Amino acid sequence: MSGTPARTADAATAAEVVCLGESMVTFLPSQPGRLADVPSFGRGIGGAESNVACALAAAGHRTAWVSRVGADGFGDHLVEAIAGYGVDTSGVRRDPSRPTGIYFRTATDRATDVHEVAYYRAGSAASAMSPRNIPYVTLPTTRVLHLSGITAALSADCLALLHDLTGPRPGRPLISFDVNHRPGLWRDTDASPEVLLDLARRSDLVFVGEDEAAEAWGVTGAEAIRAALPEPATLVVKRGAEGATVFSGTGDVSAGGVSEAGVDSGAGGVTTVPALRVDVVAPVGAGDAFAAGFLSATLRDLPVRDRVRHGHLMAAAVLTVPGDLTAPPARAHADSLAALDDEAWGRLRLGPGWTGDDQEVRTT
């Protein structure tokens, strides 16, 4: 099956997916408005890679999160909260001299002009990750190693670590890379387009939004994005309300092949799957949930169309709750929806509570 990660000899005990990156304590606003006007905040957790790990664990997969946190109360909270989802946190190291990162955000969509984020992560414990303190050989044997462009922006050492992890080597797991272009994290350098493009080209499975590609690389349209990224065996272009387009097959999308990770890229092809209609409660965390849904279906060797549909369904679960994380739909429930014919899929409309076993999914 195209883009399916190879199994390892000890796959029965190892994590299926290892997610590496910074997680922070997130302060969520009690009401909409400017940060200056919000009277109070609730505490949560946030981090692209740990979000993926938590969502996959909640969906029944063995996952691990690798990172560094401070030897402080916020670090305690992060490790305990992420482990509470069933994620293996034994690869998290405590740093006695650097703090755990935190951030505050408004309730509005990240893509809007009124969205505000105040990061307090400079000099954080995670920003000190490097090939020296997280060497490749210490990572658990895994089918998939999931990374994101956010880590590359944290420090030169973090970038060196990602460069090391994405390098060709015997037995390398499938490298899943979410571009996650965050311009606010790259204010001290204009190198982000080249850095993110290089890391994406070194990966096997890449997630990128059309809006990100336009902003970072000046490339518009799914076909143009594939032309800029011919190397990954699987390229997932997220197109917002239009859905997602998947390019399968390394290099020329009409040709098959095998990536350096030993992943069968199949006969190649292009698959476009429409997005679901969702009654959005909070527009945060959907990208990480989509990646988790796609990876979950990939681990289960499902067809490309169903991988995208599971991504849409897991994103819809997050979009219909206030926070970045939520319990995904039961696997049987998600499988039944993913198996619908195109007409029935197009008539789905998902709102708050749709993931519950006793909830009826609406159609229009």
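Reader: Which residue stands opposite V236 in strand 11?

Author: Opposite V236 in strand 11 stands F207. Before we go on, please keep in mind that this is a predicted model, in which local features need pLDDT of at least 70 and side-chain atom pairs count only at pLDDT 80 or more, while totals for chains, interfaces and linings use all residues. Residues are numbered from 1 along each chain as its sequence is written, and side-chain values use heavy atoms, with hydrogens and water left out.

Reader: Thanks, and in what sense do strand 10 and strand 11 pair?

Author: Strand 10 (residues 205-209) pairs with strand 11 in the parallel sense, over 5 bridges; two strands pair if DSSP finds at least two bridges between them. Strands here are DSSP runs of E with at least two residues, helices are runs of H or I with at least four residues, and both are numbered from the N terminus.

Reader: What about strand 11 and strand 12, in what sense do they pair?

Author: Strand 11 and strand 12 (residues 244-248) pair in the antiparallel sense over 5 bridges, and K238 stands opposite A244 in strand 12. The two strands form a hairpin with 5 residues between them, and G240 in the turn has a positive phi of about 60°.

Reader: How many residues of strand 11 are buried?

Author: In strand 11 (residues 234-238), 5 of its 5 residues are buried, where buried means under 20% relative accessible area, exposed over 50% and partly exposed in between, with a 1.4 Å probe and protein chains only. Both faces are covered, with T234, V236 and K238 on one side and L235 and V237 on the other.

Reader: Let me change topic to helices: at what angle do the axes of helix 4 and helix 5 cross?

Author: The axes of helix 4 (residues 156-165) and helix 5 (residues 192-201) cross at roughly 25° and come within 10 Å; axes are lines fitted to C-alpha atoms, for helices over the stretch in contact, and angles run from 0 to 180 degrees between N-to-C directions. Helix 4 and helix 5 are therefore roughly parallel to each other, a term that covers angles under 35 degrees.

Reader: And which residues meet there?

Author: From helix 4, L159, L162 and H163 meet V195, D198 and L199 of helix 5, where contact means heavy atoms within 4.5 Å.

Reader: Which residues of helix 5 are buried?

Author: S192, V195, L196, L197, L199 and A200 are buried in helix 5. These buried residues pack against several elements, including helix 3 (149-154), helix 4 and strand 10.

Reader: How do the axes of helix 8 and helix 9 cross, and within what distance do they come?

Author: The axes of helix 8 (residues 286-299) and helix 9 (residues 304-319) come within 7 Å and cross at roughly 145°. Among the residues that make the contact are F290 and F294 of helix 8 and M314 and V318 of helix 9.

Reader: One last thing: what is the order of the open sheet of 3 strands?

Author: The order is 14-15-16, with mixed pairing. Strand 14 (277-278) and strand 16 (362-363) stand at the edges, each with a single partner strand, so one side of each has no neighbour in the sheet. Strand 15 (residues 348-350) pairs with strand 16 in the antiparallel sense over 2 bridges, and T363 in strand 16 is the bridge partner of L348.

Conventions. Angles under 35 degrees count as roughly parallel, over 145 as roughly antiparallel, 65 to 115 as roughly perpendicular and the rest as oblique.
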